[in-house]
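Here's a quick briefing to read alongside the model. Have the sequence and the 3D view open as you go.

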Amino acid sequence: MYSAEFRRDAVALLTTSTPAEAAARTGASPSTLRRWASRSDLEDRPRSGRPPIQGTADQVVEALVATAGARISGRDYSTRALAEATGLSQSIVARSVRALTLPVAEVACGRELVLAASGFPLVILKFRRVVAGGDGSGRAEVPPRRIQRRIAGITAALRTAGVQRWAQRFDSEHRQLPTAELLALLDGDGDFLVFDPLGEVPCTLPDDAGARVRVCQDFDEFAAVLKGRLGECQDLPGSLLDLLAARVRHGLEGVLWRESVPYEPQRSSITSDSMEISSWLPKETRSVTEHLAIALREEIIDSGYEPGDRINPRLLSRRMQVPRASVDAALRRMVDDKLLDGSRGGARIPLITTVDVLDLYAARMAIGEVVLRSLALRPQRYLVPVQLALRQVEASAPTRSGIDVEDADLHFQQELARASGLRESARAFEALTLRLRLFISILQLDYSPASDRIVSDDRAMFRALSRADAKTAIEVWRGKVDNAVRHMAGLLGRRRFDQELWTQLTRSLG
C-alpha cells in the first residue's frame with residue numbers, strides 16, 4: 001500500500017524522468033504512475049468493493065464466545081453454529097476463533113491451572129506442573145479440541161472485558177479491589193503469569209519467587225504467553241469459564257477462582273446454589289461409594305463433557321483428590337445405575353436419543369401416578385415437607401433463573417415421592433430423577449421461560465392433594481410430564497417427536 005507522500009514524490013519524479021525510468025526507481029508500474037499523474041488528489045481513497053468486516057466480526061465473535069462459559073465446548077459454539085447465529089460466513093468466523101486460541105497440534109498436557117484472579121490493574125494466573133500420565137505417553141487427558149475451545153473462551157473474556165485497555169487507566173477510582181490482596185496471591189509453589197500494565201508487581205521479589213513469576217506489561221504479549229500456558233494444561237475447568245462469563249460485563253473485577261476442593265464440587269452454570277441433588281438422597285442409605293458418585297457426577301458435568309465422551313478416571317482422581325480405586329468404584333456404580341454408558345469399555349457420557357427421553361419420562365409418569373394416589377390417602381401432616389418445597393419453587397420463579405427453577409421443581413417432585421410412604425417407589429423415582437438431571441445437564445436445558453407454568457402446575461397439584469383429590473393431581477402431573485418430554489425431545493434435533501410411541505407408552509396409565 002503506497003502512502004500519499006510516496007505517490008506525490010513519484011509524480012514529481014515524472015517531471016524530470018520518463019515513466020519507465022521513474023518506474024525503475026520507485027518500483028511502481030508505468031501505468032500506475034500515469035494514473036497517479038492524472039489525479040488531482042493523491043490522498044488515500046476508500047477501497048472499492050465490499051468493506052472489510054473481519055475486525056467487526058472479531059468483536060462479535062469475541063462477545064459471543066466470552067459469555068458462553070463451559071458451553072463453549074458444545075455444538076452450539078462451533079464455527080458453523082456461530083456463523084448461523086451471526087449471519088457471517090463460516091470462514092470469517094473461523095479466522096476470528098483461530099485468533100483467540102492455539103492450533104490443536106499445540107495442545108499438550110504437562111500443567112494444571114490452579115488459580116485465576118482479576119481486578120484492575122492485575123490479572124494473575126497460577127500453574128502447577130504435573131507428572132505425565134501413568135502410561136508415560138504424555139497424552140492430553142481430555143480431548144485437545146475442548147481445551148482449544150476453552151482457551152478461546154478465556155481469551156475472549158479478557159478482550160471483551162476491556163483488559164487490553166487497562167494501560168490507559170491511571171486514576172485510583174478504577175480500583176475496586178486492594179492491589180495488596182492480589183499481590184499476596186503471588187506466594188506458594190507453582191508458576192505465575194501476571195498481566196501488570198501499570199508496573200504494580202514489586203521489582204524486588206525474592207529470588208525464588210522472581211524465577212517463578214512471569215510479568216507482562218503488554219497485553220498482546222500476555223495473551224500470547226497465556227494461550228501457550230493454557231495449551232499445556234491437561235484440562236480447563238468449566239467452573240472457571242462460567243465465572244469469567246458471569247463477570248465479563250463487570251470488567252472481570254472481583255474474579256477469584258481456585259482449583260476444586262475434595263467433596264465440595266465447584267458451582268457451574270448447571271449447578272444450583274440453593275440446593276444440591278445429594279440432599280435428596282436418604283443419608284442413612286448412602287455408602288461411601290454413593291457419596292463419591294454424587295460428587296463425581298457434579299465434577300463430570302462441570303467439566304463440560306458431551307454425549308459419547310470417555311471419562312478419564314485418572315484425571316478425576318487428581319481433580320477430586322481421592323484415590324483412583326474409589327473413583328473406579330464410583331464410576332462402576334454410575335454405569336450400573338445407567339447414569340453412565342459402559343457398553344464400549346470404560347465409562348462414557350451416555351448418548352441420548354429420543355427413545356431414551358420417552359422411556360425416562362414414561363417411567364416417571366407411571367411412578368408419579370402411584371405416588372400421588374398414595375399421598376392423597378395420607379394424613380395432611382405428611383404434606384408439610386411438600387409445602388416447604390413448593391415455597392422454594394415459588395421463591396425461585398421470580399429470579400428467572402432456569403437453574404434454580406429446575407432444581408426447585410425436581411426437589412418438589414422428590415418430596416412428593418418421599419411423603420407418599422412408598423419406600424421402593426420413592427427410591428425408583430429418585431433414580432429416575434438422577435438420570436433426568438443428567439439429561440438436563442448434558443442438553444443444557446433452560447427452564448426460565450417455563451417458570452410460571454412450573455409454579456402453576458406445582459400449586460395445582462398441592463391444592464388437589466390437600467383436598468385428597470388424586471384424580472385432579474394426576475391430571476396436572478400428566479400434563480406437566482407431557483410438556484417436559486416434548487421440550488426435551490425437541491432439543492435433540494435428530495428426529496421428530498414420536499407421538500405414536502409416546503401415546504403407546506402412556507396410554508395404559510389413565
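Leaving aside neighbours within four places in sequence, A167 touches P197 and L198, where a contact means heavy atoms within 4.5 Å. You'll find A167 in the loop between helix 7 (144-160) and helix 8 (179-183). Keep in mind that this is a predicted model, where local features need pLDDT of at least 70 and side-chain atom pairs count only at pLDDT 80 or more, while totals for chains, interfaces and linings use all residues. Residues are numbered from 1 along each chain as its sequence is written, and side-chain values use heavy atoms, with hydrogens and water left out.

- A167 counts as partly exposed because its relative accessibility is 41%; buried means under 20% relative accessible area, exposed over 50%, and partly exposed in between (1.4 Å probe, protein chains only).
- T18 belongs to the loop between helix 1 and helix 2.
- With a relative accessible area of 39%, T18 is partly exposed too.
- From T18 to P30, twelve residues apart along the chain, the C-alpha separation is 9.0 Å.

**The whole chain**

- The protein chain holds 21 helices and five strands; these are DSSP runs numbered from the N terminus, with helices being H or I of at least four residues and strands being E of at least two.
- Of its 510 residues, 50% count as buried.
- Among contacts with a separation of 6 or more, 73% join residues 24 or more positions apart.

**Helices 1 and 2**

- The axes of helix 1 (residues 4-13) and helix 2 (residues 19-26) come within 9 Å and cross at roughly 145 degrees; axes are lines fitted to C-alpha atoms, for helices over the stretch in contact, and angles run from 0 to 180 degrees between N-to-C directions.
- On the helix 1 side, F6, A10 and L13 make the contact, and on the helix 2 side it's A22, R25 and T26.
- Sorted by type, the residues of this contact are four nonpolar, one polar and one charged (Ala, Val, Leu, Ile, Met, Phe, Trp, Tyr, Cys and Pro count as nonpolar, Asp, Glu, Lys and Arg as charged, and the others, Gly among them, as polar).

**What's buried in the helices**

- Helix 1 buries A4, R7, A10 and L13, and its buried residues pack against helix 2 and helix 3.
- In helix 3 (residues 30-37), the buried residues are T32, L33 and W36.
- Those residues sit on the same side of helix 3 because they cover an arc of only 100 degrees around the axis, taking the directions from the helix axis to the C-beta atoms.
- The buried residues of helix 3 pack against helix 1 and helix 2.
- Helix 6 (residues 90-98) has I92, V93, A94, S96 and V97 buried, and they pack against helix 4 (54-66) and helix 5 (79-86).

**How confident is the prediction?**

- The chain's mean pLDDT is 78, and 78% of its residues reach 70 or more; pLDDT is the predictor's confidence in each residue, from 0 to 100.
- Confidence is lowest in helix 9 (residues 207-212), at a mean of 59, and highest in helix 10 (residues 219-231), at 92.
- Over residues 133-139 pLDDT stays under 50, and the model has six contacts there beyond four places in sequence.
- Residues 261-286 are also below 50, with 73 contacts in the model beyond near neighbours in sequence.
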